[in-house]
Amino acid sequence: MLEMIPLPYNLDALEPFYNRQTLDIHYHILYKGYVDNTNKTEEKLAKARLENNFENIKCLERDLSFYGSGAILHQLFFENMGFPTPSMPDNHLMEQITKDFGSFNRFQSQFTEAAKAVEASGWCLLVWVPTFQKLEILQCEKHQNLTLWGCIPLLVLDMWEHSYFLQYQANRADYITAFKNIINWKVVNKRFEKIS
Ligand code: MN
């Protein structure tokens, strides 16, 4: 079961930059809702697997992404605030920021502009992309995009039409069945071995 992280500071610790009332509601009501609903969704998924009834799978996967990503991003957000704090990246991170953004100032400019330009509800993130071996700044609309932030892909199936339409036309189920015969579990095993 997913647990709420304890708030790593007092409710008034971020005053005047982030006031007590805002933090109180944000942590105790909104963040709690994401964590509680992630757990409820996991329970519903367990029930669906047990009963082999996947009638609501689309809705459940959406809920998992929405509530789960909300829980993860809020945890990161609350944890990456504090006051007073040592307010600069250490040498190691600063080196990487300088390498990838040109300078700390340029990083800050891009982060500010990217955050301002987030459409409606969303987030702005500084992320490390292992495949690129590079820091990037990302906007995130809403917060789910049907993913869970920080997850590491182990097995991937391309469900874009280009990947099956020529051979299977609209028979997506046949394509998925066929795929199960050609999964290289040795590679999946290795990916899992690396991170577990
Ligand atoms: Mn929030």
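Modeller: Buried means under 20% relative accessible area. Keep that cut-off in mind. This is a predicted model.

Biologist: Are His26 and His74 buried or exposed?

Modeller: His26 is buried. His74 is buried too.

Biologist: Which atoms coordinate the manganese ion?

Modeller: To read a metal site, look for the donor atoms around the ion. Here NE2 of His26 and NE2 of His74 coordinate the manganese ion, at 2.0 to 2.1 Å. His26 sits in helix α1, residues 20-51, and His74 in helix α2, residues 57-79, so the pair ties together parts that are 48 residues apart in sequence.

Biologist: Now the surface. Why does Ile29 count as exposed?

Modeller: Compare its value with the cut-off. Exposed means over 50% relative accessible area. Ile29 has 56% relative accessibility, so it counts as exposed. Ile29 is part of helix α1.

Biologist: Which residues make the nonpolar surface patch?

Modeller: Ile25, Ile29 and Leu30 make it. The patch covers about 280 Å².

Biologist: Which element gives the most to the lining of the largest pocket?

Modeller: Strand β1 does, with 6 residues. At least two lining residues come from each of α2, α3 (91-101), α4 (104-116) and β1 (122-129).

Note on methods. Residues are numbered from 1 along each chain as its sequence is written. This is a predicted model: local features need pLDDT of at least 70, side-chain atom pairs count only at pLDDT 80 or more; totals for chains, interfaces and linings use all residues. Side-chain values use heavy atoms; hydrogens and water are left out. Donors are N, O and S atoms within 2.8 Å of the metal (3.2 Å for Na, K and Ca); water is not among the atoms, so sites may look incomplete. Helices (H or I, at least four residues) and strands (E, at least two) are DSSP runs, numbered from the N terminus. Buried means under 20% relative accessible area, exposed over 50%, partly exposed in between (1.4 Å probe, protein chains only). Patches are made of residues with over 30% relative accessible area and no salt bridge: like charges are joined within 9 Å, nonpolar side chains (Val, Leu, Ile, Met, Phe, Trp, Tyr) within 5 Å. Accessible areas come from the Shrake-Rupley method with a 1.4 Å probe; for residues, only the protein chains shown count as cover. A salt bridge is a side-chain nitrogen of Lys or Arg within 4 Å of a carboxyl oxygen of Asp or Glu.
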